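Let's take a walk through a protein fold, one piece at a time. Have a look at the picture first, then read on.

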Amino acid sequence: MALRHDRLEVLDRYLRIPTVSRQVTPEMVEAVRALWRGLGLELTPLMPVEGEATPALYGELPGPAGAPALLLYGHYDVQPTGDVARWQWQGTKCEPFVPAYFLDGKSVAPRTVDEASLDRVVLVARGGADNKGQHLSNVLGAMDAVRAGTAQWRVKIILDGEEEHGSPNLAAIARAHRSRLTADVLIGSDGPKQKDAPTLVMGVRGLLTVDLVADNGQSASVHSGNYGNIVPNPVLPLARLIGDIEERVRTYAAAHDRFRREATEVFANPAHARHAAGRDSGDRRARGRRASGTHAGRRVHGAGQRPARQLHVAGAPGVRLALTSARGAR
Ligand SMILES: [Zn+2]
């Protein structure tokens, strides 16, 4: 039995555990642990000191004495399925937690496919690409190195159980288990595989969301037929506030872009930094602007057609900022 087929079968079993974020049961956690135990890795549930949480799962792989520690992060929770009736691949009905395999558009059993052709097989199941496939392959790779006696690092593994709804307890879990999680390097084993090649991503965008509520101070509906005077419509101050946020984001992005440009000039090519600063600054500025990747999106809801009755409105501005990366974010 070929190794790649065996590994695909492990992923298949992993994907059949329906660990939808926020709906992970203790039985599912045990099923995940049992799968890893079968592979030779004991995972310990980590909880925050206080509060309810889906546990993160923690494990360690030994390395040579005095070796530095690498912390591998992945998550075993998955996105909700959405409308299951709409799950299909090129016209063939699929189910989120029953992996389906296709080769050249035809349904196929992976065992009947030779090893080389496995690269062309499409696997359809919830959580395969986010994130069970990635962390399974990374951890199995580290385990192979341990078995072969070639491991140069001690590897610590943390599998988050709440990533798909914002990891609300991960910080508390990290604080509560600080000494276990301490490492020299962290690899986030989550994200796409660029151009189907092994990829080391050095930076990603951050996301900040806030809820803003503007209130006109009225405790009840003030119907225009019953009440006099002017009732301020809170849509207007909210709109001004959101406009102000966008302005500030642009200002910040401009400052940040300057910083990135200068950092690139200093660090990217030290031998030519001085020369490039003089000759290429125009180019770099143009490229930097294109690469700044700053978006300010916003939603306003609650703005009704009857301002006299309008008590409050809420806005949820979402701001994405491209943080420093060598190639710039797109
Ligand atoms: Zn993910």
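Which residue in strand 9 is the bridge partner of Glu60? The partner is Lys156.

## Before we start

What you see is a predicted model, so local features need pLDDT of at least 70 and side-chain atom pairs count only at pLDDT 80 or more, while totals for chains, interfaces and linings use all residues. Residues are numbered from 1 along each chain as its sequence is written.

Helices (H or I, at least four residues) and strands (E, at least two) are DSSP runs, numbered from the N terminus. Two strands pair if DSSP finds at least two bridges between them.

Five strands make an open sheet with mixed pairing, in the order 1-2-9-3-10. Its edge strands are strand 1 and strand 10 (185–188), and each pairs on one side only. From one strand to the next, the twist averages 25 degrees. Helix 3 (residues 128–148) packs on this sheet and touches strand 2, strand 3 (69–75) and strand 9. The direction of helix 3 makes about 150 degrees with that of strand 3; such axes are lines fitted to C-alpha atoms, for helices over the stretch in contact, and angles run from 0 to 180 degrees between N-to-C directions.

Now zoom in on strand 2. Strand 1 (residues 44–46) and strand 2 (residues 56–61) run antiparallel and are joined by three bridges. Strand 2 also runs antiparallel to strand 9 (residues 154–160), this time with five bridges. Tyr58 is a handy landmark here: Thr44 stands opposite Tyr58, and in strand 9 the bridge partner of Tyr58 is Ile158.

Two bridges link strand 6 (residues 100–103) to strand 7 in the antiparallel sense, and Phe102 stands opposite Ser107 in strand 7.

## The greasy middle

In soluble globular proteins, nonpolar side chains tend to be buried together. Here, the largest nonpolar core has 28 residues. A nonpolar core is a set of buried Ala, Val, Leu, Ile, Met, Phe, Trp, Tyr and Cys residues joined through C-beta atoms within 7 Å. Buried means that 20 or more other C-beta atoms lie within 10 Å of a residue's own, exposed means 12 or fewer, and partly exposed is in between, with C-beta atoms placed from the backbone.

Among the residues with the most contacts inside this core are Leu72, Val155 and Ile158. Elements that give two or more residues to the core include helix 1 (3–15), helix 2 (26–39) and helix 4 (170–176). Leaving aside its neighbours within four places in sequence, Val155 is in contact with Leu61, Gly63, Leu70, Leu72 and Ala142. Contact means that the C-beta atoms of two residues, placed from the backbone, lie within 7 Å.

Most residues other than glycine have a negative phi, and most peptide bonds are trans. Arg22, in the loop between helix 1 and helix 2, has a positive phi of about 75 degrees although it is not a glycine. Arg22 counts as exposed because it has 11 C-beta neighbours inside 10 Å.

Asp104 is another non-glycine with a positive phi, about 50 degrees, and lies in the loop between strand 6 and strand 7. Finally, the peptide bond from Asp130 to Asn131 is cis, with omega near 10 degrees; Asn131 is found in helix 3.
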